[in-house]
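Colleague: Could you walk me through this one? I'm new to it.

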Amino acid sequence: MTLFAILGITLAIIAGLINFVTGLLRRKYPMLMLMRIAISIVSFIAAAAIIVFKTDNQTLATYGVTGTSKYLYLFMALAIFVGLTLMLPATVERNNLPPEDRFTPTSRATGTLASAGGGEGTVHVAKEDDKWVN
C-alpha cells in the first residue's frame, strides 16, 4: 500500500469515529444524530473501499488517470471527503443547535501570571500596590 492510501484509510477511520461519537452525544436531537451516524458509515465505507481497491491492485491508471493529474484527482477527493465528513456536519449543527448545546472551547485556566495580565511581552505587576514595570 502507498503512503497516500494509508493516510486515506486513517483519515476515513478517524472521521468515522468522530462522527459516530458525536452522533451518540446528539441523542437529544434525532435528526442530527442520524446525520452524524450516516456520515460515519460513509466514512467507514470509504476506508473499506480504499482497502478493497488496493488489495485488487486497482489504481487510477486503470481508469485512464496518469501523470500529474493523478495527484490533482487525489487532492480533490481528499478535499471533498474532508468537506463532506467533517466540515458539513459541523456547519449544519452550528446552524441548528441552540447555543447552550453547542460544543464550545473551555476557558484558559487562571494562574498567577494569567491574573496579573500576561505572559511574555506584556506588562507585569511588580508589587501588589499597583506599580507597573515593563
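Modeller: Happy to; we can begin with the overall picture and then go into the details.

Modeller: This is a predicted model, where local features need pLDDT of at least 70, side-chain atom pairs count only at pLDDT 80 or more, and totals for chains, interfaces and linings use all residues. Residues are numbered from 1 along each chain as its sequence is written, and side-chain values use heavy atoms, leaving out hydrogens and water.

Colleague: How many helices and strands does the protein chain have?

Modeller: There are four helices and two strands in the protein chain, in the order α-α-α-α-β-β from the N terminus. Helices (H or I, at least four residues) and strands (E, at least two) are DSSP runs, numbered from the N terminus.

Colleague: And what share of the residues count as buried?

Modeller: Of the 134 residues in the protein chain, 18% count as buried. Buried means under 20% relative accessible area, exposed over 50%, and partly exposed in between (1.4 Å probe, protein chains only).

Colleague: Let's look at α2. What span does it reach?

Modeller: Helix α2 covers residues 30–55, and its 26 residues reach 37 Å from first C-alpha to last, close to the 38 Å expected at 1.5 Å a residue. That expected span is 1.5 Å times one less than the number of residues.

Colleague: Which residues of α2 are buried?

Modeller: They are Leu-32, Arg-36, Ile-39, Ser-40, Ser-43 and Ala-47. The buried residues of α2 pack against α1 (3–25) and α3 (68–96).

Colleague: Is Ser-43 buried or exposed, and why?

Modeller: Ser-43 counts as buried because its relative accessible area is 0%. Not counting residues up to four places away in sequence, Ser-43 touches Ala-12, Ala-15, Gly-16, Asn-19, Phe-81 and Thr-85. Contact here means heavy atoms within 4.5 Å.

Colleague: What about Ala-47, what is that in contact with?

Modeller: Leaving aside neighbours within four places in sequence, Ala-47 is in contact with Ile-9, Ala-12 and Ile-13. Ala-47 also belongs to the largest nonpolar core, five residues that include Ile-9, Ala-12, Ala-15 and Phe-81. The largest share of this core, three residues, comes from α1. A nonpolar core is a set of buried Ala, Val, Leu, Ile, Met, Phe, Trp, Tyr and Cys residues joined through side-chain atoms within 4.5 Å.

Colleague: New topic: is Leu-25 buried or exposed?

Modeller: Leu-25, found in helix α1, is exposed, with a relative accessible area of 53%.
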